[in-house]
Amino acid sequence: GEGRHPVRKFTTIFAPTMAASINSLPNEILEFIFSLLPPYEPLEHCAAVCKRWNLLATNVRARKKSNLQKGLIDFNLCWKEILQVSTPRIAARFAHASSLHRNSMYVFGGASSCDTTFNDLWRFDLSRREWIRPISMGTYPSPKAGASLVCHNDLLILFGGWQHAYTPFHMCTLIDELHVYNIAENRWTIHNQAYGPPPMTGHSASVHRNKMILFGGYQKNMENLRTSNDIWVLDLERLVWKKPAVSDLKPAPRYGQFQMAIGEDHILVLGGTGGVNRVFNDAWLLDMQRDTWVWKRVQIKNKKSIVTHNWCYPACNVGSKVIVLGPTSPNDFQIIRPNRVPPMGRTRPTAEQLRNRIGAAPHGPMQAGEPNIPPRANLPPPPPAPMQPTLPRPSQGVSPKESNPSSGPGPSKPPSTVNSGVPVVEARPGPSGLRTPSSTAPGPPSRSMPIIRSAFSRQSSEDDHLPKRFNQQNLEHNHMAMVAFSVDSSNHASNASFSHERKLELLRKLEDKISAIRRAKEAEQQQQQQQQQQRHGIREVNNADRSINSTGGSPDPVTPKRVKRNGLAIFVCDVSNLLPTGGAEPCIEWQESKNSGLIAGAPDHYTFSTMINGNGELIVFGGLNKNHKSENLCVSNSVHFLTVPTAVV
């Protein structure tokens, strides 16, 4: 009996509160609850309940879009990754095509790391955050990557692309197929016309009213492959191609650029590439109001904050802002091939080994690594015991006068040139290790020098396609030339090595000071965050992270307190002044970002991924990551969301 009285009393007091419904909450609380829902189908269901909920859902949708634009200006953003726990799961890929239709992101095709291209279509439900594989009907597109995919009403228009060649020693095949996917009917149809653009890939596309505008691309005309700056227009109602009249002033031919619609009669083109070491960071505006379309170059402000490689990274527009993901430094994109340095504990090579290393034998191992260089014929063999061996280029012959051992050692001569003017370095006898076995002249103990790859030796045939500053080193005079060929230098080389080690030691000390300052700042920030959490009554247990940081162990997983340095940085460009009034010139302005554009939880340094604009969030999917430590290619199938942190009422 006594235990029931408190329960009866509690029920009597709180009975009116328990009978209250969700409509009894204030508008501010109810709107905050709606903001926690995905801004897609769940928010649409809430808007269909009553007029009050419809107004609140409309406010939430507008507030999310405005908060994203404000977050891009203030750099108040956060990354969120969706872990795939449900099935089916999409395969990892890059160079795919993606587009947004209502509450779903559609992804078609792409390539894998095993020389395979796909022709599958996937739908990512943004409300449930899960992948769905629609089993469509009709005429499927061929497997391809690098195609363009745009959405018009309930249609997806797919054009172009490339696919891997099925026979060895052949390049990839370019495609000129035009496919239309009807979302309501779940059916593919092919529309190939007698007149249309050539096979292409890397082009850009955008929809203007009932037209799709294509620009640029890497094309195949007849039997020639070239970059293009042509414009093609597709009538989306009749599915007929035409080529408009364009002014003489045009952007340079390019592919991999970003294109967006400015109103209904203008197009903005950013970036692109015209080939090896020809990356464009310019901007062009196309005016389509007259019969002859006019290109106009756009002035760029604040170029110091511009993205350095704007052609293989994802980009999209959010209102009057263009967001580009890219590296924080231009050195991040350079092709780096590590030198295979043998251990320093090896003994000094003998004269025979040096002869085999420096003497250019017709069938030596150096020629085996250069398949694109024609074999040398009728080259005289190297002298048996040269006092002043000559170091010729592997692909050039040596005159009989230079290779004749009867000419005698003679006085030392300055470096000469052979045919093309490349200096030929002559190693002199002395403490460099090239003296004859009978020479026993005393000298100071030589310091072991690191073995550096020869200026003419190459790792593979792929280096032939790289620019010279990536795979070749200029020969220098005196001791630096001998270092390039793994030969110990004389006294001045020892002094240079000592000075080099002293500089390295100073750099190490400077790096230690910078690391200590960085650790002190991180500790101070961590202490401030802990104090702030204690004020709000929020406690967070992170003992494992603190133990690893204190012991200097392996790097911990990404947390809001730590930023991944190899992640993609965010670059924001303001394009609101592209259509000025009063006859002013169009211009765009890149905004200065905080912390070099890096945010905690950013995706890894992937290229050839896609990014689309959802409802108050950006969705990034897929990509290709080149591991510099090995020759392996890492392909991703992760989904990342860039949004604004949720505010607490």
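Biologist: Is W122 buried or exposed?

Modeller: Buried means under 20% relative accessible area, exposed over 50%, and partly exposed in between, with a 1.4 Å probe and protein chains only. W122 has a relative accessible area of 5%, so W122 is buried. W131 counts as buried because its relative accessibility is 4%. This is a predicted model, in which local features need pLDDT of at least 70 and side-chain atom pairs count only at pLDDT 80 or more, while totals for chains, interfaces and linings use all residues. Residues are numbered from 1 along each chain as its sequence is written, and side-chain values use heavy atoms, with hydrogens and water left out.

Biologist: How many aromatic pairs does a search of the whole structure find?

Modeller: A pair of aromatic rings is described by the distance of the centres and the angle of the planes. Rings of Phe, Tyr and Trp (its six-membered ring) pair if their centres lie within 6.5 Å; planes under 30 degrees apart count as stacked, over 60 as edge-to-face and the rest as tilted. The search finds 15 aromatic pairs. One of them joins W122 and W131 edge-to-face, with 6.3 Å centre to centre and 90 degrees between the planes. One aromatic cluster is formed by F94, Y218, Y255, W311 and F608.

Biologist: Over which ring does the charged end of R93 sit?

Modeller: A charge sits over a ring if NZ of Lys or CZ of Arg is within 6 Å of the ring centre and within 35 degrees of the ring normal. For R93 the ring is that of F118, with the charged end 4.5 Å from its centre. The charged end of R254 sits over the ring of F280, 4.3 Å from its centre.

Biologist: With which residues is S204 in contact, leaving aside its neighbours within four places in sequence?

Modeller: Contact means heavy atoms within 4.5 Å. By that criterion, S204 is in contact with I213, L214, F215, Q257 and Q259. The C-alpha atoms of S204 and L214 are separated by 5.7 Å, although the two residues are 10 residues apart along the chain. S204 also counts as buried, at 5% relative accessibility.

Biologist: In which strand does S204 lie?

Modeller: Helices (H or I, at least four residues) and strands (E, at least two) are DSSP runs, numbered from the N terminus. S204 belongs to strand 14, which covers residues 204-208.
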